[in-house]
Amino acid sequence: MRQTHLFTHSRKDAPKDEVSKNAQLLIRAGFIHKEMAGVYTLLPMGLRVINKIARVIREEMNAIGGQEMLMTTLQDPEIWKHTGRWDDSAVDVWFKTHLHKGDAPHQGAELGIANTHEEALTTLLRDHLASHRDLPRYIYQIQTKFRNEIRAKSGIMRTREFQMKDLYSFNTDEQGFREFYEQCAEAYMRIFMRMGIGAMTYRTFASGGSFSRFSDEFQTVTPAGEDTIYINDEKHIAVNKEVYHDDVLADLGLTKSEMREERAIEVGNIFPLATRFCEAAGLQFADEKGEKHYPYMGCYGIGLGRLMGTVVEVLSDEKGMVWPEEIAPFRVHLISLAGSKEDVAREAQHMYELLLDHGIEVLFDDRDVRAGEKFADADMFGIPYRMVVSEKTMAAGVVEMTHRSTGATELVPESGIITRLTS
Ligand code: ATP
Ligand code: MG
């Protein structure tokens with residue numbers, strides 16, 4: 001993409017009320033737009049990142065047997081009443097709305113705006129799941145959730161409208177459920193590795209709610225995190241503050257003196273649900289003898305925007321963002337320092353076409369602005385490879401390539417560029 005074509009512009013300052021580093025950088029670079037507190041639009045560059053995050057998540061979910069669908073945002077209150085979660089005292093983040101008053105016979109009836117989908121999925125599966133032969137099933141979506149969050153100060157890490165990948169597992173028994181649960185935990189770690197935050201992300205013991213002792217959170221260590229966790233490096237065990245009790249530690253063979261405290265952000269959460277939601281929805285399967293049972297269920301969430309914000313928090317430096325290759329908006333930021341030199345402009349244009357011809361995603365800074373401004377933007381955007389074409393590089397028959405993450409620069413002969421990027 002040509003930068004002269006991109007409708008967004010980078011800016012010097014973030015909005016004054018924006019306190020989080022992730023949103024400040026993303027807004028300044030023109031990746032997102034703040035609509036209001038906790039509500040952000042994804043601009044073209046930001047959308048490219050989110051789409052890549054989605055791609056990585058899909059690959060990993062499909063690899064463990066996930067199948068994708070898309071459920072609705074508008075929800076019938078009736079199905080939520082079965083679990084008691086329509087009540088605002090049970091779920092305090094509801095956004096609710098009403099049908100049109102003129103819409104007989106429903107006249108002004110209440111509707112829910114989904115914050116999660118256990119109720120919807122267990123209800124709809126009554127039409128599709130009847131026998132043990134219909135199990136196991138691993139069903140997911142990437143869908144927009146709405147939550148009326150009280151705190152919304154963490155930029156895109158906590159928003160009121162956000163995309164979540166939510167997967168729900170259904171097994172005939174607890175053992176099958178456990179096996180899948182572990183597979184999914186491994187898939188989550190692969191996702192975070194591919195996102196460049198694997199080394200600082202810990203599978204963490206967390207509260208399990210009313211139907212399980214623990215759930216597992218995936219917590220990425222960062223001062224911007226909202227949670228407190230305790231880590232034992234030797235055993236690679238982490239425990240959320242909410243379950244940081246002596247008896248829990250004793251069961252894990254640990255004492256408080258062996259744990260270090262860190263701030264962290266929950267980038268993912270996997271949850272055993274046992275049969276609670278299937279019971280509420282009346283979702284049963286018949287075994288070989290025709291006897292009815294409730295499936296064992298689990299749920300597995302990852303927030304895409306929160307992940308994007310976390311990567312910005314954790315990997316950025318004083319100059320701007322640093323994207324890992326898998327989720328960078330582009331692979332190469334090609335910078336033309338042509339000024340008024342037409343031969344240099346032609347050379348940069350040629351390089352742009354060469355990269356495109358080889359399927360390499362490139363943002364081409366073909367703007368007529370100072371070199372300093374181009375470099376500052378390149379640093380802020382954080383695209384992995386910066387390539388400069390100037391009078392000097394042209395005279396030497398090379399392209400200057402700088403790695404955003406290390407700052408290392410190499411001069412690559414023009415004929416070697418493609419091999420350098422594809423091998
Ligand atoms: P938190 O404790 O941070 O409020 P949660 O436990 O309520 O989150 P889950 O219901 O477990 O969140 O949601 C699954 C995942 O969705 C979370 O691990 C997180 O990555 C993401 N997520 C949850 N709430 C938000 C939000 N308000 N904004 C962005 N992402 C979110
Ligand atoms: Mg959670």
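**Overall architecture**

The model described here is predicted. The chain holds 12 helices and 21 strands, and of its 423 residues 39% are buried. Its C-alpha trace spans about 80 × 65 × 45 Å along the principal axes. Two domains are assigned: domain 1 comprises 15-73 + 114-315, and domain 2 comprises 332-422. The centres of domain 1 and domain 2, taken over C-alpha atoms, are separated by 38 Å.

**Helix H5**

Helix H5 covers residues 174-194, 21 residues in number. From its first C-alpha to its last, H5 reaches 30 Å, which is close to the 30 Å expected at 1.5 Å a residue. The buried residues of H5 are Phe-177, Phe-180, Cys-184, Ala-187, Tyr-188, Ile-191 and Phe-192. Because they cover an arc of only 135 degrees around the axis, these residues lie on the same side of H5. An α-helix has 3.6 residues a turn, so residues three or four places apart point the same way. The other side of H5 carries the exposed residues Gln-175, Glu-179, Glu-182 and Glu-186. Just after H5, Gly-196 adopts a positive phi of about 85 degrees.

**The shell around ligand 1**

Ligand 1 has 16 residues around it, and those that come nearest are Phe-162, Asn-269, Gly-301, Gly-303 and Arg-306. Two or more residues of this shell are given by each of strand S8 (161-171), strand S13 (260-274), strand S16 (296-303) and helix H8 (304-315). The largest share, 4 residues, is that of S13. Sorted by class, the shell consists of 4 nonpolar, 7 polar and 5 charged residues.

Helix H8 also contains Leu-304. Leu-304 counts as buried because 23 other C-beta atoms lie within 10 Å, the threshold for a buried residue being 20 or more. The C-alpha atoms of Leu-304 and Ile-142 are separated by 8.7 Å, although these residues are 162 residues apart along the chain.

**Strand pairings**

An open sheet is formed by 3 strands in the order S4-S6-S5, with antiparallel pairing. Strand S4 (74-75) and strand S5 (95-98) stand at the edges; each has a single partner strand, so one side of each is left without a neighbour in the sheet.

S20 and S21 form a hairpin with 5 residues between them. In the turn of this hairpin, Gly-407 has a positive phi of about 80 degrees.

**Backbone details**

Most residues other than glycine have a negative phi, and most peptide bonds are trans. Where does the chain contain a cis peptide bond? The bond from Leu-135 to Pro-136 is cis, with omega near 0 degrees. Pro-136 lies in the loop between helix H4 (118-124) and strand S7 (137-146).

Positive phi values also occur in residues other than glycine. His-236 has a phi near 55 degrees and is located in the loop between strand S11 (227-232) and strand S12 (237-240). Is His-236 buried or exposed? His-236 counts as exposed, because it has 9 C-beta neighbours inside 10 Å and the limit for exposed residues is 12 or fewer.

Ala-274 is not a glycine, yet its phi is positive, at about 50 degrees. Ala-274 belongs to strand S13, the strand that gives 4 residues to the shell around ligand 1. Ala-274 counts as partly exposed, because it has 18 C-beta neighbours inside 10 Å.

Methods
Residues numbered from 1 in each chain as written. Chains lettered and ligands numbered in written order. Predicted model: local features only at pLDDT ≥ 70, side-chain atom pairs only at ≥ 80, totals over all residues. Expected span 1.5 Å × (residues − 1). Arc of directions from axis to C-beta. Near = placed C-beta within 6 Å. Nonpolar A, V, L, I, M, F, W, Y, C, P; charged D, E, K, R; others polar. Pairing = 2+ DSSP bridges. Domains from an automatic or database assignment.
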